[in-house]
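Let us walk through this model one step at a time. Keep the sequence and the 3D view side by side as you read.

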Amino acid sequence: MYRRFGKRCFDLTVALPLLVLLLPLLAGLYLLVCAKLGRPVFFRQERGGLGGSTFRVRKFRTMLDTRDANGELLCDAERLTPLGHFLRATSLDELPTLLHVVSGRMSLVGPRPLPARYLPRYDAVQARRHEAVPGVTGWAQVNGRNSISWDEKFRFDVWYVDHLSFLLDLRIMFRTVGKVVVRDGISAEGEATMSEFWGSERGPQSSLAGTSDDERDVSSPSPRHAPSASS
């Protein structure tokens, strides 16, 4: 009952008042990002949703669109700005995703939506993460976030799909607040953000390379989804 009806009611009950309360903050962040990073203010990217469908996620931009002489994006460390690092560390860049919660493309809690180009790279078990609506936060996020391996992330995601409940969602939301306060698990070791997921078939090293859900934070109006690693 909760999975079919209650979860959606819970999302709307929380997300709608939150959006109203956070409107001044959202407006301030919009102006700040516009002043410091320029336009576009929002980062947009196609992500995998329920049942393997896709949707375009929108978050506050955190990186510059700086490229080398060949037109390739520079590494994350060179493009991530101090403001961007702060927005990621505090998860303020995620606030616009509340609009996706209201629209029903996302839930407050669920497996994090990853880039749509990853969809053909999942094995059968990993793909089960799409049996639940993707979330703003999730079980993997409160159990290591970007500091854990791909395999661990997917195990947490599938475990959540199998154990989804109202009490679990409440538990995850409360733990999320704590994780944000202490800024735990923001990035993988040795990475400004995280590395690309290439799929388990490419071997243990690539399959265990962590990722952020913002790989290739390309801020151009028409995102380019080249399969190179960066956030």
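How many helices and how many strands are there in the chain? The chain has seven helices and four strands. Bear in mind that this is a predicted model. Read from the N terminus, the elements run α-β-β-α-α-α-β-β-α-α-α.

Now take the chain as a whole. It has 231 residues, and 51% of them are buried. Next, look at the contacts between residues with a separation of 6 or more. Of these, 71% join residues 24 or more positions apart.

Start with Ala-15, which lies in helix H1. Is Ala-15 buried or exposed? Its relative accessibility is 0%, so it counts as buried, the cut-off being under 20%. Leaving out residues up to four places away in sequence, Ala-15 touches Leu-98, Val-101 and Val-102. Ala-15 and Leu-98 are 83 residues apart in sequence, yet their C-alpha atoms are 6.2 Å apart in space.

Val-109 is the second case. This residue lies in strand S3. Val-109 has a relative accessible area of 1%, so it is buried as well. The C-alpha atoms of Val-109 and Gly-138 are separated by 5.1 Å, although the two residues are 29 apart along the chain. Beyond its neighbours up to four places away in sequence, Val-109 touches a list of residues that includes Gly-138, Tyr-160, Ile-172 and Met-173. Lys-7 and Asp-169 are also among the residues that Val-109 touches.

Lys-7 and Asp-169 form one, with their closest N and O atoms 2.6 Å apart. Which parts of the chain does this pair link? Lys-7 is in helix H1 (residues 2-37), and Asp-169 is in helix H6 (residues 166-182). The two are 162 residues apart. Both Lys-7 and Asp-169 are buried.

Arg-129 forms a salt bridge with Asp-157, and the closest N and O atoms are 2.9 Å apart. Arg-129 sits in the loop between strand S3 (107-109) and strand S4 (135-137), while Asp-157 is in helix H5 (residues 150-163). They are 28 residues apart. Arg-129 and Asp-157 are both buried. Salt bridges that share partners also join Lys-59, Asp-93, Glu-94 and Arg-112 into one network.

Compare the bridge between Glu-131 and Arg-128, where the closest N and O atoms are 2.9 Å apart. Glu-131 has a relative accessible area of 43%, so it is partly exposed. Arg-128 is partly exposed too, at 26%. In total the chain holds 11 salt bridges.

Lys-7 turns up again at a pocket. The second largest pocket holds about 190 Å³ of space. It is lined by 13 residues. Arg-3, Lys-7, Arg-8, Leu-50 and Val-133 lie nearest its centre. Which element gives the most to this lining? H1 does, with five residues. By type, the lining residues of the second largest pocket divide into five nonpolar, two polar and six charged.

Turn next to helix H3 (residues 82-89). Its buried residues are Leu-83, Gly-84, Leu-87, Arg-88 and Ala-89. What do they pack against? The buried residues of H3 pack against H1 and H6. An α-helix has 3.6 residues a turn, so residues three or four places apart point the same way.

Most residues other than glycine have a negative phi, and most peptide bonds are trans. Ser-91 is in the loop between H3 and helix H4 (98-103). Its relative accessibility is 19%, so Ser-91 counts as buried under the 20% cut-off. The other detail is the peptide bond from Arg-39 to Pro-40, which is cis, with omega near 0°. Pro-40 is found in the loop between H1 and strand S1 (42-48).

How values were computed
Residues numbered from 1 in each chain as written. Predicted model: local features only at pLDDT ≥ 70, side-chain atom pairs only at ≥ 80, totals over all residues. Heavy atoms only, no water. Salt bridge = Lys/Arg side-chain N within 4 Å of Asp/Glu carboxyl O. Buried < 20%, exposed > 50% of the residue type's maximum accessible area, 1.4 Å probe, protein only. Contact = heavy atoms within 4.5 Å. 1 Å grid on protein atoms, 1.4 Å probe; cavity = no way out; pocket = protein on both sides within 12 Å on 5 of 7 lines; lining within 4 Å. Points joined across faces, edges and corners; volume = space filled by probe spheres on them. Nonpolar A, V, L, I, M, F, W, Y, C, P; charged D, E, K, R; others polar.
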